[in-house]
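Have the model open as you read.

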Amino acid sequence: MTGLFLAFLASLLAGAGARDQAVIADMAAAQGARPAALAVAILTCAITSAAAAWASLAVAPMLNGDARLFLAGLALGFAGGESLLMGRPRPPKEPTNSLAALAIVLAAHQLTDATRFLIFAISLAAHAPAAAAAGGTAAGVLLLSLAWSAPGLLGSRQLGLARRVIGGVLLVAGIGLAFSAVDLGG
């Protein structure tokens, strides 16, 4: 239960204003709120969240406790770096009507976003892949639904600044976690 709640809160904070939401918001602004586009976004969110949790399951047996924490710290740092470095993509001049193309673009954004790195890190550190995937998916569904229903909210400067601050916090926390797992051989 802790992994679910932690993944939900972390994903909600780190995922606000992410690239996948910008794609959905831009598409909804240009074409209207198409329910099929939201369904595709939710499906890709669930699949990529499950993939992040599965990846932690795949590497966990190869690592001891300190190595797990170190890798979780790296993933947390990558989440922070993604939030700091990756800005909102430009809206397409002619957004496609293709749901398959939308799914590919969303999956590419989601597989490398802060939320999936967080799901990986929480799943690895807490030994709770199903809970981490469920929490991350729930937060993603909430954020994507908000971007779909109110596309104008994503363009605010405050959201961009908040995303950068959260990214900085994640980066520092990731570095701290990684270094706490390293035996400096004293």
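α7 gives the largest share of the lining of the largest cavity, three residues. This is a predicted model, where local features need pLDDT of at least 70 and side-chain atom pairs count only at pLDDT 80 or more, while totals for chains, interfaces and linings use all residues. Residues are numbered from 1 along each chain as its sequence is written, and side-chain values use heavy atoms, with hydrogens and water left out.

Besides α7 (129-149), the elements α1, α2 (19-31) and α6 each supply at least two residues of that cavity lining. Among the lining residues are Ser11, Asp20, Asp113, Arg116 and Gly140.

Now for the largest pocket. Closest to its centre, out of 16 lining residues, are Ala10, Leu76, Leu118, Ile122 and Leu170. Here α1 (2-15), α4, α6 and α8 (157-181) each give two or more residues.

| Space | Volume | Lining by class |
|---|---|---|
| Largest cavity | About 50 Å³ | three nonpolar, five polar, three charged |
| Largest pocket | About 240 Å³ | 16 nonpolar, no polar, no charged |

And the helix pair? The axes of α4 (residues 65-85) and α6 (residues 114-126) come within 8 Å and cross at roughly 165 degrees. That makes α4 roughly antiparallel to α6 (angles over 145 degrees count as such). The crossing of α4 past α6 is left-handed. Residues of α4 that meet α6 include Leu69, Ala72, Leu76 and Phe78, and the α6 side includes Phe117, Leu118 and Ala121, with contact meaning heavy atoms within 4.5 Å.

Terms used:
Axes fitted to C-alpha atoms, helices over the stretch in contact; angles between N-to-C directions. Helix = DSSP H or I, 4+ residues; strand = E, 2+ residues; numbered from the N terminus. Parallel < 35°, antiparallel > 145°, perpendicular 65-115°, else oblique. Left-handed = near helix turned anticlockwise from the far one by under 90°. 1 Å grid on protein atoms, 1.4 Å probe; cavity = no way out; pocket = protein on both sides within 12 Å on 5 of 7 lines; lining within 4 Å. Points joined across faces, edges and corners; volume = space filled by probe spheres on them. Nonpolar A, V, L, I, M, F, W, Y, C, P; charged D, E, K, R; others polar.
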